Amino acid sequence: MSVPREKYLSPVWRDGIFKDKVLFCTGGAGTICSMQVRAFVALGGNACIIGRNLDKTRQGASDIASVRSGSYVLGIGGVDVRDPKALQAAADKCKQELGGIDFAIAGAAGNFLAPMAQLSPNAFKTVMDIDALGSYNTAKAVMPYLIESAKKHKNTGGIAPTGTGGRIIFLSATFHYTGMPLQAHVSAAKAAVDQVSHAISLEYGPFGITSNIITPGPIAGTEGMERLAKSDEKSKVRSMKRVPLGRWGETKEIADATVYLFSEAGSYVNGNTLVVDGGQWRVGGADMGGWEYPDFLTSGGQVEGVKSGRKGGDGGSKL
Ligand code: COA
């Protein structure tokens, strides 16, 4: 499927910044990761995408390769991130066929909504295994290759004549920041994913590696939203009101964040989390007290009906 460039990349990045570099991405045929990989390939790189489903992964690789003539995108299907041996074999094959691994994205994830009352121990474990263990397995499989790349493309803070390398990004979620009903399993798993990334930033930073987390909020047109949000108009409007920017995000906005962290612009960013959610997770307490967010702000009305202690004044200017 051909995707217009503006759907996966802002026009602010320079072509060729990932020339001759290789990205290894688990879950690379998925709705978010495929856009991250597209952006990387469009800017000059080659990639290896990993997935469980053979056809989906092969087709995904061929779709992504179409963004730039002369690119090489290898799709390795039949690989479950819960299986460290299969992942290692995939990373080794990527090195053999594409010459190395300079960047990695641990993107494979599993999710469904379920209250704990309907969550079996195996259901909880399944998501822990895919997200937490799978991300850990991915990091272990690629780390020696990332270290090789970091040695070749030194992170000095100055202009990098041969570009960057030796960087890993984990995809996470914000659910565990505040707690989330129906997501006990994913909240626990993503909290673990975050800690794997932080540990890498500390333990492998001295080898030139950077490790960061991208945390997408509600992103339109993704499998995640199909699994997490009702699709009727009323539910969508309600969901968008919970985002300070008043809309769902675009997959391009996750791809742009990826390019930033992998590019020279992100060289000194390590051990961090880039939350790309329009400010959604901070809305947690916004309705406390009975005001509907964001209507009470956009109406320009006064705070009324509560003890305020304010003495006179006109309340300042209205928006
Ligand atoms: N509610 C409650 N339990 C559920 C569930 C749901 N909606 N869906 C699956 N489970 C349970 C199963 O019943 C099973 O538990 P049990 O053995 O006690 O019955 C357990 O989870 C594992 O299910 P299974 O289908 O065997 O796992 P799988 O490894 O084949 O699939 C999933 C993993 C469940 C995460 C599946 O949804 C998946 O493959 N997702 C991949 C894509 C994805 O989730 N993307 C989201 C990106 S945000």
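Which residue in E4 does Thr 26 stand opposite? I looked this up first, keeping in mind that the model is predicted. Ala 106 in E4 is the residue opposite Thr 26.

**Entry: the strands around that pair**

I checked how E1 and E4 are joined. Strand E1 covers residues 22-26 and strand E4 covers residues 103-106. They run parallel, with four bridges between them.

Then I went through the whole sheet. It is open and has seven strands, in the order E3-E2-E1-E4-E5-E6-E7. The pairing is parallel. E3 (73-76) and E7 (272-276) are the edge strands; each has a single partner, so one side of each lacks a neighbour in the sheet. I also noted the twist, which averages 15° from one strand to the next.

**Entry: helices on the sheet**

Next I asked what H3 lies across.

**Entry: a closer look at H3**

I compared the span of H3 with expectation. Its 15 residues reach 21 Å from first C-alpha to last, close to the 21 Å expected at 1.5 Å a residue.

Which residues of H3 are buried? I found Leu 87, Ala 90, Ala 91, Cys 94 and Leu 98. Down the helix axis, the buried residues of H3 fall within an arc of 95°, so they line one face. The buried residues of H3 pack against E1, E2, E3 and H4. On the face turned away from the buried side I found Lys 85 and Gln 96, which are exposed.

At its start, a side-chain oxygen of Asp 83 comes to within 3.0 Å of the backbone nitrogen of Lys 85. Just after H3, Gly 99 has a positive phi of about 95°.

**Entry: His 153**

Buried or exposed: how does His 153 count? His 153 is in the loop between H4 and E5. Its relative accessibility is 13%, under the 20% cut-off, so His 153 counts as buried.

I listed its contacts, leaving out residues up to four places away in sequence: Lys 21, Asp 102, Thr 162, Gly 163, Thr 164 and Gly 165. For Asp 102 I also took the C-alpha separation from His 153, which is 9.2 Å, with the two residues 51 apart along the chain.

Technical notes: Residues numbered from 1 in each chain as written. Predicted model: local features only at pLDDT ≥ 70, side-chain atom pairs only at ≥ 80, totals over all residues. Heavy atoms only, no water. Pairing = 2+ DSSP bridges. Helix = DSSP H or I, 4+ residues; strand = E, 2+ residues; numbered from the N terminus. Axes fitted to C-alpha atoms, helices over the stretch in contact; angles between N-to-C directions. Contact = heavy atoms within 4.5 Å. Expected span 1.5 Å × (residues − 1). Buried < 20%, exposed > 50% of the residue type's maximum accessible area, 1.4 Å probe, protein only. Arc of directions from axis to C-beta. Polar contact = N/O pair within 3.5 Å; in protein donor to acceptor, adjacent residues only side chain to side chain.
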